Amino acid sequence: MEKQRFYMQPSVLIKILVCAAVIAAFWFAPPVAPLTEIGMRVIGVFIGVILLLSLVDTVWPAMLAVVLLGQSGVCTINEAISGSIGNWIIYFVLMSFIMTHALNESGFTDRLVAKFMSMKLVSKSPWIFTISLGVLGMLLGCFMDQVPATAFMLAFVSRIYKELGYTGKDSYPHVANILTVFGVNVGGAMTPISHSLAILGIGIYEGATGNTLSLFSYLAFGV
């Protein structure tokens, strides 16, 4: 039986070594006031892992971050696991993608895409079409939590790209995805409806200042 050999592209290996060097530099360099030694380690993990996630892979660097944070002194490994993999947002995201998959399998997304692409206003020009994706994400983000709204919008626009003949190697889908998700984030800040962080912020503001922040006042500023 022929033995399988581990192989990694030299460019990928160089990126991993550079990111590891960044982490090591923060771990072993003397702390710069007012940062502590633990603070330096946490910053090094943050920068190194972000670089790994951006340049190398989107899975194992996240697991590496949990291990490194558990060794940095800022928390134990169990606390790092409970604060990441054990956090409720993980299951919230999973359920959001399950909901999106169900909408795709039922044909709802296809019908919505067909309706969207048949609108005269949307089909007037490429600019209007592209901006409409961001506006649609913004409107959805106004009344839904950003996580399920983002999951739905990414599935929605991916069907549009498929209908238009785009592939993952084309640049337009990447630009349109950024615009769409940015629209969802803007919509999420415009209203406190279904947005727990906004409601929490209102409560903290009222408790700290003693002033009442009405829904109308929030909408007037957010919109």
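**Figure 1. Helices H1 and H2 run roughly antiparallel to each other.** The view is taken from a predicted model. The axes of H1 (residues 10-28) and H2 come within 7 Å and cross at roughly 170 degrees. An angle over 145 degrees counts as roughly antiparallel, and the two helices are therefore described in that way. On the H1 side, the contact is made by Lys-15, Ile-16, Cys-19, Val-22, Ile-23, Phe-26 and Trp-27. On the H2 side, the residues in the contact include Met-40, Arg-41, Ile-43, Gly-44, Val-45 and Ile-47. Gly-48, Leu-51, Leu-52 and Leu-55 of H2 also take part.

**Figure 2. A cis peptide bond joins Ala-33 and Pro-34.** Omega for this bond is about 5 degrees. Pro-34 is located in the loop between H1 and H2.

Figure 3. An α-helix has 3.6 residues a turn, so residues three or four places apart point the same way. Glu-37 has a relative accessible area of 45% and is partly exposed. Arg-41 is also among the H2 residues that make the contact with H1.

**Figure 4. Phe-46 is an exposed residue of helix H2.** The relative accessibility of Phe-46 is 57%, and a residue over 50% counts as exposed. Phe-46 and Leu-68 are 22 residues apart along the chain, and their C-alpha atoms are separated by 9.9 Å.

**Figure 5. The buried residues of helix H6 lie on the same side of the helix.** In H6 (residues 108-117), the buried residues are Thr-109, Val-113 and Phe-116. These residues cover an arc of only 65 degrees around the axis, which puts them on the same side of H6. The exposed residues Arg-111 and Lys-115 are carried on the face turned away from the buried side. Among the elements that cover the buried residues of H6 are helix H5 (88-105), helix H7 (126-143) and H8. Phe-116 also belongs to an aromatic cluster, together with Phe-129, Phe-152 and Phe-156.

**Figure 6. Tyr-172 pairs with the rings of Tyr-161 and Tyr-166.** The structure holds 5 aromatic pairs. A pair of aromatic rings is described by the distance of the centres and the angle of the planes. For Tyr-161 and Tyr-172 the ring centres are 6.3 Å apart and the planes stand at 85 degrees, so the pair is edge-to-face. Tyr-161 lies in helix H8 (residues 146-164) and Tyr-172 in helix H9 (residues 171-190), so this pair ties together parts that are 11 residues apart in sequence. Tyr-161 is buried, at 7% relative accessibility, whereas Tyr-172 is partly exposed at 21%. For Tyr-166 and Tyr-172 the ring centres are 5.1 Å apart and the planes are at 25 degrees, so the pair is stacked. Tyr-166 is partly exposed, with a relative accessibility of 33%.

**Figure 7. Thr-150 is a buried residue of helix H8.** Thr-150 has a relative accessible area of 18%, and a value under 20% counts as buried. Leaving aside neighbours within four places in sequence, Thr-150 is in contact with Val-181 and Val-184.

Figure 8. Leaving aside neighbours within four places in sequence, Glu-163 is in contact with Val-113 and Met-117. Val-113 is one of the buried residues of H6. The C-alpha atoms of Glu-163 and Asp-110 are separated by 9.9 Å, and the two residues are 53 residues apart along the chain.

Key: Residues are numbered from 1 along each chain as its sequence is written. This is a predicted model: local features need pLDDT of at least 70, side-chain atom pairs count only at pLDDT 80 or more; totals for chains, interfaces and linings use all residues. Side-chain values use heavy atoms; hydrogens and water are left out. Buried means under 20% relative accessible area, exposed over 50%, partly exposed in between (1.4 Å probe, protein chains only). Rings of Phe, Tyr and Trp (its six-membered ring) pair if their centres lie within 6.5 Å; planes under 30 degrees apart count as stacked, over 60 as edge-to-face and the rest as tilted. Helices (H or I, at least four residues) and strands (E, at least two) are DSSP runs, numbered from the N terminus. The arc is that of the directions from the helix axis to the C-beta atoms. Contact means heavy atoms within 4.5 Å. Axes are lines fitted to C-alpha atoms, for helices over the stretch in contact, and angles run from 0 to 180 degrees between N-to-C directions. Angles under 35 degrees count as roughly parallel, over 145 as roughly antiparallel, 65 to 115 as roughly perpendicular and the rest as oblique.
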